[in-house]
Amino acid sequence: MKSSDINLFHRSIGAMNSQLDIVLWGSQTSNFEAAFQTISEQTTHYEMVLSRYNSQSELYRLNQNAYKQSIEVSNLLWTAINRAATYYENTVEYFDIAQGRLYHKIKQGDEDSEDKIKHGWQLELNSTEKSVRFANPHVLLDFGGMGKGILLEGIDNILEKFQIQNSFISFGGSSVLTRGKHPHGSFWPFSLSGKQSSLKTWELNKHSISVSSTRTNNSRKNKHIVNPLTGKSIEEEITVVVKASNPVDAEVLSTSLLAAPKNMHRIILSNFDINEVDIFENQ
Amino acid sequence: MNKIYQSRRDFLRNLAITGSVATLAASPWLGAFSNTPFKGKGPNDKVRLSVIGTGIRGRQLLRLLFTFASEANVTVSSLCDNFAPHLEEALEICHLNGVKPKTYTDYRDVIEKDKPDAVLIATPLHEHARATIDCFSAGIHVFCEKSMARTLDDTRAMYDAHIASNRILVVGHQRLFNPVYLEGMQRIHNGELGTIGQIRAYWHRNNDWRRPLPNNDMKFERQINWRLYKEYSAGLLTELMSHQIQVANWALQQSPVSVMGTASIRFWRDGREVHDNVALIYSYADGTKCIYDSMISNKKYGLEEQIMGHLGTIEFETNRQYSEKDESIKAPGIQQMISDIENKVFDKLPIGGASWVPEIAVGDQGKKIIENDQFSDTALQLEALVNFIRKGSAPEKLTKEGYNASIWTLLGENAIDTGQELKMPEKYII
C-alpha cells in the first residue's frame, strides 16, 4: 500500500484533563472531518455533564445539592450513575464513584482519612423520577475512573455511524479504543511507554485498552490511587493493563485492580468478560 | 516618517474580506463607520475642530486628524495651549499639512472667538472639566481625552452638562474603535470564552515617567510633569488604568460593584506625589474579579488585558485568543505513530501509561483575533467622531463607557487612599 493511499487523518483535542488523539484512515475520507466534529461536540457535551471540576456541569451542581434534596438528572448522568452502581457490586466495592471527597483528600496529602470512610453504597436512586440523593454529606461523585471509558464508548458509536473502519483513539495513552488495523499490519500494536515499552505488545483490532498505574508523570503526586475500603493510598509501584471489548469495563477494571488487594483480584475478574489483564510490579 | 494606517474605508473593506462584518452590527456606535462616503464636501460643510492642549497627546491627535482630514472635509480651525513651545510645535504640524489655524493661550478664546464645531481636549487632567462644561454651554461638541476629570464631582458635572446641552461627549477610549477589541468583544459576548471568571490587566513600564523640562528649569516642573502630582492627576490610575477598566467593563457588559486597592512609591522616590506601584481588585456583581496592577520599574510583562473564561482567554493588546483545550501539543507516541505510518513502518506504539496530568498552564500558543492589525484605533475613533459631529449626536453608550471608567478609576484611588473596599456612591450612578 502506498503512503498516499492511506488517507491518514489525525486531530487532537483536550478533554477530561487529558489529550484526546483521533487517528483515522481508510476509504471513508469524506466522513473523517464530520466524524471528528461530532466527536468534538459530544466530548464537550459529556464533559458538561460528567466533569466534577467544571462549575457549569450537571455533576458539579449535583454534588453541590444532592445531599440536601433529591435531584432529577439527565439520561446521560442517570445511566452513568446506574452503571457505576453495577460496577460497585461487580468490583466488590473497590470501584466507588461516591468517594470523590476521599480521593481528593488523599491526593492533597491527608493520610488521616480512614475515619471518614462510609461503607456501603451511599446513593439513593429513584428510578421513577430518575433522581439522586446522597446518603451523607461526605459523598462527592467523581467519574474519574470511568469517564474516559464512557467517552470512548460514545466515540465508538460515532465511528460506527460514520462507517469508519480503521481508527486509533487515545486518551493520553491511558484509555485507548481501536477499530480495524494499522495501515501496514493486521492489528494496532500497543505497548507501554518509556522503560516499560519492552514488557509486552498488545495486539488490538476492535478493542479497548486501559492503563492504570500508581506512578504518574509527576513524582510529587504519586499517591493518587486509593483503596476506597481502607482510605489508604496504594504505596506500591503497580501498573495494570486491561484489554477488553468495552472501554468502560476496561477502565473500571484497571482502576479497581490497582485499588484492590491481590487476593481480591480473582473474585473481581470473575464478574467481567475481558480479553487480557496484565499487572506489572516494581518496573 | 509618518506611519501608514488603514483608513476607515480600508478598515471596512478588510472587515468584509475577513468576514467580520458582523462586528459592525454588534457594536452600535460603529454605525458611524457605515460604508458611506463623508458627506458635505463644500466649504460650508467643513467640520471645524480645535485642539485644546497641544502637548504630546494633543499633537498626536493632530497628526492623526490630518491622515483623513482632506477626505473627511475636516479642518483644524484653532489651537490652544498656555505653553508656547507646545503651541509652536502643533502649529508647525498644521503648516506642514497646509492648514493655518488661529492660536490661543486661553480656551475661552477658542469658544468665544473661533467657535469651532467641536474641540479635542488634551490638556492636563484637572483642566478637562472646566473646558468641557464651558464648551457645552456654548453649544460645542467635545472629544475629551481620558480620564474624564480629576474629581468624582467634576466627572459627574461633565456628564450632566453633556446631557443638559445635548452636545456630544466622546471620551478618548480609543479601544472602543479598535478592530481587535471589536472582534474579540463580539466573541466574548457570544460566549466563546465561556464564563468569565477573572480579568487580569496590567501596565508595566520601566522609566521615570518624566518629561524633560525646558533648559531643566524647575519652574516648569508641575506644568510639564503634571502627571506626577496629585493636584492634577491620579498618576498611573487616571493615565493608564482607566483605559483598562473600560476594557474590563466592556468585556463584562457591566460596571463593578466595589473596589479595593493598595499602592506605594516604591522605586521613583524623586519628589513625585503619585504612586509608582499600584494594585487593585475590582469586583463585579456576578462574582467576576478584575485584578489590576501597574508599575514603572519593570517592563518585562508590558501591557495587557487578559479576559479569562473557562473555555478560553483573550489577550487584547497582543491580538491573541487561546483555547483552554490544548490542541497544539501532540503526544510524542502518537506523533511517532503518524510518522511510522507515513514511512510504511509497522512497529509497536509505545504510548501506554497513566495519563493523569497536573494542572499546568495550557500550552496553546493561541491564534490572532484578527489578521490585519495595521491601523490606528485613535484615528478610527477620530474619524467616527467627525461622523458623529455631522450627524449631531453620538451613541450614549459610548459616553457612559467613558463615564463609568472614569468614576471607577477615581474610586480606585479613593480605595487606595482610605484602605477600604468602596462601592459607588448613589449620586454618581447614571
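## Strand β8 of chain A

In this predicted model, five of the five residues of β8(A) are buried, so the strand is largely enclosed by the rest of the structure. The strand covers residues 188-192 of chain A. In a regular strand the side chains alternate between the two faces of the sheet. In β8(A), A:Trp188, A:Phe190 and A:Leu192 point one way, whereas A:Pro189 and A:Ser191 point the other way. Both sets of side chains belong to buried residues.

Two pairings of β8(A) can be described, one within chain A and one with chain B. Within chain A, three bridges connect β8(A) to strand β9 (residues 202-204), and the two strands run antiparallel. A:Pro189 has A:Glu203 as its bridge partner in β9(A). The pairing with chain B involves strand β14 (residues 349-352), is parallel, and also has three bridges. Here A:Leu192 is bridged to B:Gly352 in β14(B).

## Aromatic pairs

Over all chains, the structure holds 14 aromatic pairs. One of them is formed by A:Phe168 and A:Trp188, with 5.3 Å between the centres and 50 degrees between the planes, a tilted arrangement. The pair links distant parts of the chain: A:Phe168 belongs to strand β6 (residues 166-171) of chain A and A:Trp188 to β8(A), 20 residues apart. A:Phe168 is buried, with a relative accessible area of 0%. A:Trp188 is likewise buried, at 0% relative accessibility, because the cut-off for buried is under 20%.

In chain B, the rings of B:Phe267 and B:Trp268 have their centres 4.9 Å apart. Their planes lie at 85 degrees, so this pair is edge-to-face. B:Phe267 has a relative accessible area of 49% and is therefore partly exposed. Chain A also contains an aromatic cluster made up of A:Phe9, A:Phe32 and A:Phe36.

## Charges over rings

The charged end of B:Arg227 sits over the ring of B:Trp209, at 4.4 Å from the ring centre. B:Lys300 lies over the face of B:Tyr301, and the distance to the ring centre is 5.4 Å.

## A three-stranded sheet in chain A

Chain A contains an open sheet of three strands in the order β3-β5-β4, with antiparallel pairing. The edge strands are β3 (71-72) and β4 (123-126), each of which pairs on one side only. Strand β5 (residues 131-134) is joined to β4(A) by four bridges, and these two strands run antiparallel. A:Leu125 has A:Val132, in β5(A), as its bridge partner.

Helix α3 (residues 75-90) of chain A packs on this sheet. The helix touches β4 and β5 of chain A, and its direction makes about 125 degrees with that of β4(A).

## The two chains overall

Chain A has 283 residues, of which 57% count as buried. Its secondary structure comes to seven helices and 12 strands. Of the contacts in chain A with a separation of 6 or more, 64% are between residues 24 or more positions apart.

Chain B has 430 residues, and 53% of them count as buried. It has 14 helices and 15 strands. Among contacts in chain B between residues at least 6 apart in sequence, 74% join residues at least 24 apart. B:Leu398 is located in helix α14 (residues 396-418) of chain B and counts as buried, at 4% relative accessibility.

## Confidence in chain B

The mean pLDDT of chain B is 89, and 86% of its residues reach 70 or more. Over residues 356-361 of chain B, the pLDDT is below 50. Beyond near neighbours in sequence, this stretch has seven contacts in the model.

Methods: Residues numbered from 1 in each chain as written. Chains lettered and ligands numbered in written order. Predicted model: local features only at pLDDT ≥ 70, side-chain atom pairs only at ≥ 80, totals over all residues. Heavy atoms only, no water. Pairing = 2+ DSSP bridges. Contact = heavy atoms within 4.5 Å. Axes fitted to C-alpha atoms, helices over the stretch in contact; angles between N-to-C directions. pLDDT = per-residue confidence, 0-100. Phe/Tyr/Trp six-rings, centres within 6.5 Å; stacked < 30°, edge-to-face > 60°. Buried < 20%, exposed > 50% of the residue type's maximum accessible area, 1.4 Å probe, protein only. Lys NZ or Arg CZ within 6 Å of the ring centre and 35° of its normal.
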